[in-house]
Amino acid sequence: MKGNNMDGFIKTLPKVELHLHIEGTLEPELMFALAKRNSIDLPYETVAQVQAAYDFDDLQSFLDLYYQGAQVLLHEQDFYDLTWAYLKRCKADHVIHTEIFFDPQTHTARGVPFDAVINGITRALEDGQEQLNISSHTIMCFLRHLSEEDAIETLQQALPYKDKIIGVGLDSSEQGHPPEKFKRVFEQAKELGFLTVAHAGEEGPASNIWDGLDMLHISRVDHGVRCIEDESLVQHLVKKQIPLTVCPLSNVKLKVFDHMRDHNIVELLRKGLCVTVNSDDPAYFGGYMVDNFLAVAHALNPSKRELAKFTENAIEASFLTLEEKTAYKEMLQHYIDKQLKPIL
Ligand code: ADE
Ligand code: ZN
């Protein structure tokens with residue numbers, strides 16, 4: 001359905017984001033400001049040049065630019081400013097809860113201390129709770145193109161900050177770096193009490209989703225859209241209600257699907273999967289949460305109830321407590337009742 005009525009419903013619909021790389025929220029303007037503050041030379045002179053460089057059409061060409069952009073982040077205040085800018089966008093998009101990824105290895109490999117990263121991010125998240133009423137959790141991702149030893153060392157570095165990190169995840173290049181490579185570090189993380197998630201079935205095959213579930217014991221699949229290639233996997237995901245954190249604009253930008261009209265998110269929802277809408281790396285993929293919902297609505301014609309179901313699924317799939325989930329579900333129900341009440 002098109003039109004203002006639908007767009008207005010989407011704009012103010014309460015939203016929960018579960019797949020968001022904080023480094024992927026680095027807008028060109030902030031990139032320039034931080035480069036200036038930290039005396040870093042960038043290969044661009046204008047915002048337009050940065051945007052022109054974002055012509056990637058697969059995961060690796062995107063990742064090359066994403067890691068280059070992250071080089072302007074050096075100090076705790078930089079991570080604070082990055083996270084705070086994202087939270088202000090969340091507020092504008094009616095995001096009530098967010099679970100953000102961060103990639104410590106992208107920074108520690110450049111000599112940035114782990115505590116600068118985690119302290120900057122969590123200080124902004126605390127301010128987000130206090131000043132914007134947005135709740136949050138933090139998930140530390142291991143870069144899958146680096147070694148298992150590197151991931152184990154990163155897990156050790158995180159231990160003093162365990163109270164600030166709810167789970168661990170797995171991101172970066174999926175091809176050639178299957179879940180199996182990280183079996184042991186995920187086992188250790190589980191023993192230490194971290195929850196686990198992993199990117200799987202984005203550029204890699206459906207078998208990576210099975211392996212993520214069986215070998216890494218993940219409670220959510222990040223992306224997971226290629227599950228559609230394996231009917232028994234689809235049935236398993238439905239039966240166990242294992243959530244998929246789907247990122248529509250990201251998937252089109254990286255050519256997982258050629259057009260939004262080809263995206264399978266609504267098809268998966270209608271098959272009964274616990275699918276959610278997320279923005280992944282919004283500064284690179286053309287939009288935040290509202291933009292992702294609008295793109296799905298305009299191309300795939302879901303009903304308002306189906307769009308609200310994405311939020312209900314995300315509340316259920318989140319790492320919130322039972323009490324928090326109940327409160328957010330009530331908030332959502334209130335919104336639905338108000339918006340969809342029959343006109344007498
Ligand atoms: N790191 C940031 N965004 C990513 C994505 N979409 N897939 C894998 N790694 C990522
Ligand atoms: Zn991602």
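Figure 1. His19 has a relative accessible area of 0% and is buried (under 20% relative accessible area with a 1.4 Å probe and protein chains only; over 50% is exposed, and partly exposed lies in between). This is a predicted model, in which local features need pLDDT of at least 70, side-chain atom pairs count only at pLDDT 80 or more, and totals for chains, interfaces and linings use all residues. Residues are numbered from 1 along each chain as its sequence is written, chains are lettered from A and ligands numbered from 1 in the order in which they are written, and side-chain values use heavy atoms, without hydrogens or water.

**Figure 2. The zinc ion (ligand 2) and its protein donors.** Which residues hold the donor atoms of the zinc ion (ligand 2)? They are His19 (NE2), His21 (NE2), His199 (NE2) and Asp280 (OD), at 2.1 to 2.3 Å. A donor is an N, O or S atom within 2.8 Å of the metal (3.2 Å for Na, K and Ca); water is not among the atoms, so a site may look incomplete. The angles among the four donor atoms run from 84 to 175°, and the site is irregular.

Figure 3. Along the sequence, the donor residues of the zinc ion (ligand 2) follow the spacing H-x1-H-x177-H-x80-D. His19 sits in strand 1 (residues 15–21) and His199 in strand 5 (residues 195–200), 180 residues apart. Helices (H or I, at least four residues) and strands (E, at least two) are DSSP runs, numbered from the N terminus. His199 is buried too, at 5% relative accessibility.

**Figure 4. The largest cavity.** One cavity of 30 Å³ or more is counted. The largest cavity holds about 100 Å³ of space. It has 13 lining residues, and those closest to its centre are His21, Leu59, Phe62, Leu63 and His199. On a 1 Å grid over the protein atoms alone, a cavity is a set of points where a 1.4 Å probe fits but cannot get out; lining residues have an atom within 4 Å of a point. Points join across faces, edges and corners, and the volume is the space filled by probe spheres set on them. Helix 4 (residues 59–69) gives the most to this lining, with five residues.

**Figure 5. The loop between strand 8 and helix 14.** Asn278 lies in this loop, between strand 8 (275–277) and helix 14 (282–285). Is Asn278 buried or exposed? At 0% relative accessibility, Asn278 is buried. Asp281 is buried, at 2%. UniProt lists Asp281 under "binding site" (unreviewed entry); such annotations may be inferred rather than shown by experiment.

**Figure 6. Two residues with positive phi.** Most residues other than glycine have a negative phi. Ser172 is not a glycine, yet its phi is positive, about 80°. Ser172 lies in the loop between strand 4 (167–171) and helix 9 (183–191). Ser172 is buried, with a relative accessible area of 6%. His223, also not a glycine, has a positive phi of about 75°. His223 lies in strand 6 (residues 220–223). At 0% relative accessibility, His223 is buried.

Conventions:
On a 1 Å grid over the protein atoms alone, a cavity is a set of points where a 1.4 Å probe fits but cannot get out, and a pocket is an open set with protein on both sides within 12 Å along at least five of seven lines; lining residues have an atom within 4 Å of a point. Four donors count as tetrahedral if all angles lie between 85 and 135 degrees; four count as square planar and six as octahedral if opposite donors are over 155 degrees apart and all others between 65 and 115; anything else is irregular.
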